[in-house]
Amino acid sequence: MLDSIEEPENMNLIEIKESELKSISLFLIDKKIILHPIISPNGTPDFSKYEGRKFIVILDRNILVRILRLVNNGELKDAHSLKIVSCLLAWSEFNNIALNSGLALTEYSHHQSGNIESSSENNIFLRIYEQYSPRDWFDLATGKTKTIEKIKLEEQRNFEFFVEVYHFKMHYLEMLKLSQLYFSDELKIEKKFKIFHNWAFKNILICKYTTYFAVMLLGGKSKTFRKKGKDFESIKHICKNVAWDLTYLSFWSTQYYYEDEAKEIYLFATMDKELREL
């Protein structure tokens, strides 16, 4: 799931002004886009304790979609989305940080029940750093330009992203159980949470992200189920979407949990407000 990584090329002779880099970094910090429990717990990266490591940012689906839309269309109508993805691309290139789309493409392959669409997206993603220069991203990020040349593919390869994901299966079961408890009017919040915790402890694994999400959902702090009375198919669809959100976090945690001696340090990038809160 972490196969699809784009390695930033060195900056060569491209001149980047300090003010440009500072404004881009401050924007990403303000929007809390880059996350890591130690390096960037609140969206403000500090790499001082990780010198000599290789850094990789796991992209969630909502960011990857916007990157692909930008290079496919040559523009993004939403100025805020354009600012975020161009700043992220510029920042990662300048700091020699790789971007990873593997999990986002795996999610897409499961929505499509196959590899055709996810392979197509990966071909585009892998081509990005070959066609565009860091200057392209900096110009977009600083507002000097608003469009770029549409991407041109030179070859199409097949990739395997439609694979079994244990994290997703676990979180999907959790979400089905939580939805059952959420729509139960007979139980108090404390009882619902106790039932869920005991069920998870007995049947699967305890996940800190799911535990906190359960508190948010059952405590009325999540917008996941905005209205009651949804049909079962709609509820299942919502549960699958949230299960993928939780999959990003729990899978990412398996990467950063053992990173004291690891050569590669994984960060996570998302635009989703609830994911950032989790």
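**Exercise 1. Aromatic pairs**

How many residues apart are phenylalanine 168 and tyrosine 172 in helix H7, and about how many helical turns separate them?

Solution. The model is predicted: local features need pLDDT of at least 70, side-chain atom pairs count only at pLDDT 80 or more, and totals for chains, interfaces and linings use all residues. Residues are numbered from 1 along each chain as its sequence is written, and side-chain values use heavy atoms, with hydrogens and water left out.

Step 1. Phenylalanine 168 and tyrosine 172 are 4 residues apart in helix H7, so about one helical turn separates them. Helices (H or I, at least four residues) and strands (E, at least two) are DSSP runs, numbered from the N terminus.

Step 2. Rings of Phe, Tyr and Trp (its six-membered ring) pair if their centres lie within 6.5 Å; planes under 30 degrees apart count as stacked, over 60 as edge-to-face and the rest as tilted. By this rule the model has 15 aromatic pairs. In the pair of phenylalanine 168 and tyrosine 172, the ring centres are 5.9 Å apart and the planes meet at 5°, so this pair is stacked.

Step 3. Buried means under 20% relative accessible area, exposed over 50%, and partly exposed in between (1.4 Å probe, protein chains only). Phenylalanine 168 is buried at 12%, and tyrosine 172 is buried at 16%.

Step 4. Compare phenylalanine 159 and phenylalanine 161: their ring centres are 6.2 Å apart and their planes lie at 35°, so they form a tilted pair. Both of these phenylalanines are buried. Ring pairs also link Tyr248, Trp252, Tyr256 and Phe268 into a cluster.

**Exercise 2. The sides of helix H8**

Solution. Step 1. H8 covers residues 189–203, which is 15 residues. From first C-alpha to last, H8 reaches 21 Å, close to the 21 Å expected at 1.5 Å a residue. The expected span is 1.5 Å times one less than the number of residues.

Step 1. Lys192, Phe196 and Ala200 are the buried residues of H8. They cover an arc of only 60° around the axis, so they lie on the same side of H8. The arc is taken from the directions from the helix axis to the C-beta atoms. An α-helix has 3.6 residues a turn, so residues three or four places apart point the same way.

Step 2. On the face turned away from the buried side, H8 carries the exposed residues Glu190, Lys194, Phe201 and Lys202. The cover over its buried residues includes helix H7 (166–182) and helix H9 (208–218).

**Exercise 3. Helix H3 and its ends**

Which residue with a positive phi follows H3, and how many residues of H3 are buried?

Solution. Step 1. H3 spans residues 79–94, has 16 residues and reaches 22 Å from its first C-alpha to its last, close to the 22 Å expected.

Step 1. Of its 16 residues, 12 are buried, and H3 is mostly covered. Among them are Ser81, Cys87, Trp91 and Glu93.

Step 2. At the start of H3, a side-chain oxygen of aspartate 78 comes to within 3.3 Å of the backbone nitrogen of histidine 80.

Step 3. After H3 comes asparagine 96, with a positive phi near 55°. Asparagine 96 sits in the loop between H3 and strand E4 (98–100). Most residues other than glycine have a negative phi, and most peptide bonds are trans.

Step 4. Lysine 32, not a glycine, also has a positive phi, of about 55°. Its loop runs between helix H1 (18–31) and strand E2 (34–35). Lysine 32 is partly exposed, at 38% relative accessible area.

**Exercise 4. The nonpolar core**

Which residues of the largest nonpolar core touch the most other members?

Solution. Step 1. A nonpolar core is a set of buried Ala, Val, Leu, Ile, Met, Phe, Trp, Tyr and Cys residues joined through side-chain atoms within 4.5 Å. The largest has 86 residues, of which Leu59, Ile128, Trp137, Met175 and Trp252 touch the most other members.

Step 1. Helix H10 (residues 232–256) gives the most to this core, with 12 residues.

Step 2. Leaving aside neighbours within four places in sequence, isoleucine 128 is in contact (heavy atoms within 4.5 Å) with Ile67, Val71, Trp137 and Ile151.

Definitions and conventions
A polar contact is a pair of N or O atoms within 3.5 Å; within protein, one must be able to donate a hydrogen and the other to accept it, and residues adjacent in sequence count only if both atoms are side-chain atoms.
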